[in-house]
Amino acid sequence: MSFYRFKRVLLSIPLFLAASFFTFILIHLSPMDPVEVVLHAQGVPKITAELIAQTKAELGMDRPFFVRYVSWFVSCLQLDFGNSYVTGKPVWSLLGPALLNTLKLTLVSLVAIIALSIGLGVASAWREGRFVDRSVRSASFVLTSMPTYWLGALMIWFFSVKLDLLPTSGMDSFNSYLLPVVLITVNYAGIYFRIVRSSVLSNMNEDYVLYCRACGLPEKTVMMHVIRNSLQVAVSVFCMAVPIILGSTVVVENLFAWPGLGTLSVNSILARDFPIIQAYVLVLAAAFVLFNTVSDILNAALDPKLRNDL
Amino acid sequence: MSRKTVIFIALLIIACLSLAGCSGGKAGSADGADLGQELTYATAKDINDMNPHLYTGSMPAQGMVYESLVENTKEGIKPLLAESWDISEDGKVYRFYLRKGVTFHDGEPFNAEAVKRNIEAVLQNREKHAWIKLSTMITSCNAIDEHTVELVLSEPYYPTLLELSMTRPFVFLSPKDFVGGETKNGVNGHHGTGPYVLTEHKAEQYAVFEANESYWNGAPRVKKITAKVLPAGETTYLALLKGEVNFVFTDDRGADSIDVEAMDSLASSGDFQFVRSEPMNTKMIVANSSKADSPVKETAVREALWYAVDRDTISERIFNGTETAADTLFASNVNYANVELQRRDFDLDMAESILERSGWLSGSDDEVRVKDGIPLSMSLYYDVNSSSQKSQAEFIQSTAKQIGMQLELVGEESSSIANRRSTGDYDLLFNQTWGLAYDPQSTIAAFTSEASYLHTTSGIAKAEELYEKIGQVTVSTEEAARKSLYADILTIVHDGAVFIPITNGSVTVVAPKNLQGITFKQTQFELPFENMYFE
């Protein structure tokens, strides 16, 4: 198992390097001169040839491409992503708090998603075709097919304006977590519970279930075995949910004025603040590589057969 | 469930609870019940870096904290931090007599030395301020005595006082906030002399401004102003309904934070009032007269398009009457812009006859006109983030089609459009004038600038004459000569039909019903909060 873990971690390195390279060349994909992009981001009203030359030298953009890439990558490994073009502040001082804020939202939501997905998935499979199953599936269909933005605005209108129970936006208190967390949870639990449900259903048709029942085990005990085996599928799904939610909070954060990664990334993209965009993409890529690796290692721990696949 | 899975989930729960427990304190006055006599305004963007000598900060916020030597008002330039001034006969030396007893928010005295250090700090970053011509003309700033300061220019420049009155960069920061005697690489604090003090700033969440009780012009009556970041217009509207914010105004980009329907709905609630300023800018289509391979190079084509723009319908249907139809590049309330120019009202017959006369012929209805085998087809670039520009573009496209003119619509980011404008890679694009206070001199100066409108203007018949007159107008010291030069300049670009006006934009304020003293400055980027009070 430890050899498997070592190999799996080793494999993630080239993946991360490739992601970092594509992140670095982002600024060069713009049709504009990168230096002009910087000056536009700084809100300079008039760009002159002298200013372009001065800025190029200041930012070291006159050095060869690969020298710049290596120096940038080495700095990134030390969490030095350079300075924001717009604010001039170190990128990490902006990205760090935003990442923490989004992590808070993500992790609280993840707990709700896991609890709800497992609970609803098992209940739905347990009562397959009956009222509970049909109601849960219908409700999830309706809620997940509603546009997030619209559903969120509706929730603010009802819970904040009409009932005056919660704040409309911000992250001032525990109350401000409720609406964004519910919105994210509704989105993901509505999808993930189906995975749990189908996994439970397929396990219920396995021979071992028949054997358990034939041995006269109580139905509750049989179900516990089914759930334990079914959740192996869910482990990788829930692991990957962390980076997926981290990277997809734009709408929720925008709507609830949550000062997280989503808000920061959109503002940076609109302002073409490339150091922040690069850092954001790199951090997300790292999160995907990390959680993918963790998910593989966890799955291999649960199912030894998988260790031979690498 | 395996033991490992249980441990994994348990760890997640612990992490969540500990992170959730880390949430900070309460933000400013984000609770409706706390608003009382305070203003909490919604802003789509954070106030950002408040360094007054750079360009990333929120201008309304900077306007509360920092002040300039003089103020631009409807009646002309008036004293602010300078009580009076003299201008030498040759127009090259400006001597300012500073107001006494003024201090920065950190207690530092505002004196000639502070003015000198600030002006020099701005000039140390001269390249970035090249857009403001004064920055290229100041040769020295001398402190004559404690309260007298002198600016020496390389040549006479009539908009000097006007440019000194702008929100940035010639405003004053406490020298204690300088880093190594400079401000171009960041500052230590944000202490101005203005009516409000920045007391708290939580990036991307809110900023709190409290009344400067020792303000030289008397402490403002609204004691606390909070700028709350609300990126979504829907949330802003709901926050207004709930009372979490009670003040909204047009943002830095000239866009309204909430849409017209939302405003109507708030108005009907009876809790809010709406105040709209006089015209502040002109929204327009800029035509590239120097594009050799495009029909847009022909004056007749540009003129025909001008006649094909139904401004009244755009004003009524797209802007619900919140913007007024514009007939010329500058509204008549802009200095020197009250000039008699030929009107080109919406008239499709006239547009067609102009095209026919200049050889753009059409076989039948709905067919694109052709001249010498070239179809009458042009690209119109609009800001992809502006919903109103897209609607206007689609509407203009449909009317242009009726006269056999094909407009291909292309939505792009604003910076990409700015790049097209400076490289000349466009036929038509949406733009707007710099706005009151900056107009006409800044917009007109941009006619000769490659980074702005040089490609727009260089193809018109009298381009050389135009540039010559622009060169003369800024150094002209006689009012009558200046008036005449501006009239000539405006006539040349109007006849060339390169700036096709659409509407005049204004600043809109949504405020509590009992808030009095809502007025506007001679700029769309600031509001005089210090004049407001609750009844």
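Biologist: What should I know about the model before I start?

Modeller: It is a predicted model, where local features need pLDDT of at least 70, side-chain atom pairs count only at pLDDT 80 or more, and totals for chains, interfaces and linings use all residues. Residues are numbered from 1 along each chain as its sequence is written, chains are lettered from A and ligands numbered from 1 in the order in which they are written, and side-chain values use heavy atoms, with hydrogens and water left out.

Biologist: How many helices and strands does chain B have?

Modeller: Helices (H or I, at least four residues) and strands (E, at least two) are DSSP runs, numbered from the N terminus. Chain B has 16 helices and 23 strands. Its radius of gyration is 26 Å, close to the 24 Å from the globule rule for 535 residues, so chain B is as compact as a globular protein of that length. That radius is taken over C-alpha atoms, and the rule is 2.2 Å times the number of residues to the power 0.38.

Biologist: What share of chain B is buried?

Modeller: Buried means under 20% relative accessible area, exposed over 50%, partly exposed in between (1.4 Å probe, protein chains only). In chain B, 57% of the 535 residues count as buried.

Biologist: Can we zoom in on one residue? Where does Gly63(B) lie?

Modeller: Gly63(B) sits in helix 2 (residues 59-65) of chain B, and is buried at a relative accessible area of 10%. For contacts, think heavy atoms within 4.5 Å. Leaving out residues up to four places away in sequence, Gly63(B) touches Thr167(B) and Glu526(B). Thr523(B) is 460 residues from Gly63(B) in sequence, yet 11 Å away in space, C-alpha to C-alpha.

Biologist: Over in chain A, which residues of helix 13 are buried?

Modeller: An α-helix has 3.6 residues a turn, so residues three or four places apart point the same way. In helix 13 (residues 261-271) of chain A, the buried residues include Leu261(A), Leu264(A), Ser265(A) and Ser268(A). The helix's buried residues pack against helix 6 (91-126), helix 11 (219-246), helix 12 (250-255) and helix 14 (274-302) of chain A. Just after helix 13, Arg272(A) takes a positive phi of about 55°.

Biologist: And what do the records say about chain A?

Modeller: An unreviewed UniProt entry lists "transmembrane region" for several spans of chain A, including residues 9-29 and 177-195; such annotations may be inferred rather than shown by experiment, and positions follow the numbering used here, with feature names shortened. In the model, residues 177-195 of chain A are 100% helix and 0% strand, with end C-alpha atoms 26 Å apart.
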